[in-house]
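Subject: Structure for you to look at

Hello,

Here is the structure we spoke about. Please open it first, then read the notes below.

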Amino acid sequence: MRYFLAPALALALCVSAFAAFDGPTAADLANSGAQVPNAASVANVSTVAQALNAPDDAYCVLEGNIIARAPRHHEKYIFQDATGKMTVEIDDKIFAGRKVTPQDKVRLHGEIDLKRRGDRELDVDVLEVLK
């Protein structure tokens, strides 16, 4: 009897877990490397001013320029749009070998990361170079 009960219990737990799954989110697609056909339709484009006031883990899409590498940090950069500047963290794998200059307009998708001192930065999941 116990040999039958354990698999039945495991199956019952799995069914309820799968029932709550609605499909991939935009972040799931971004992390899988999939190209989102119209990324602006997934989330509204925010400004740096809005991002600097957003709560921790808020999803943001920013358009502007990466103007410099942050001092003393390998994967942190200074991002600027018409409303201001903020630090963004972009892993090397997100660049995927692309060279981005301060003249290139980019769209960054990511989540706000609230630091200990109250500073906010964007942890970038997707980088698009705009034409």
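**What was found**

Leaving out residues up to four places away in sequence, F79 touches V48, L62, E63, G64, N65, I66, G84, K85, M86, V88, V106 and L108; contact means heavy atoms within 4.5 Å.

This is a predicted model, in which local features need pLDDT of at least 70 and side-chain atom pairs count only at pLDDT 80 or more, while totals for chains, interfaces and linings use all residues. Residues are numbered from 1 along each chain as its sequence is written, and side-chain values use heavy atoms, with hydrogens and water left out.

F79 is also among the residues with the most contacts inside the largest nonpolar core, which has 20 residues. A nonpolar core is a set of buried Ala, Val, Leu, Ile, Met, Phe, Trp, Tyr and Cys residues joined through side-chain atoms within 4.5 Å. Buried means under 20% relative accessible area, exposed over 50%, and partly exposed in between (1.4 Å probe, protein chains only). Elements that give two or more residues to this core include β2 (59-69) and β4 (84-89); strands are DSSP runs of E, at least two residues, and helices are runs of H or I, at least four, numbered from the N terminus.

R107 is in strand β5 (residues 105-114). Is R107 buried or exposed? R107 is buried, at 13% relative accessible area. Its side chain makes a polar contact with the side chain of E63 at 2.7 Å. A polar contact is a pair of N or O atoms within 3.5 Å; within protein, one must be able to donate a hydrogen and the other to accept it, and residues adjacent in sequence count only if both atoms are side-chain atoms.

Regards
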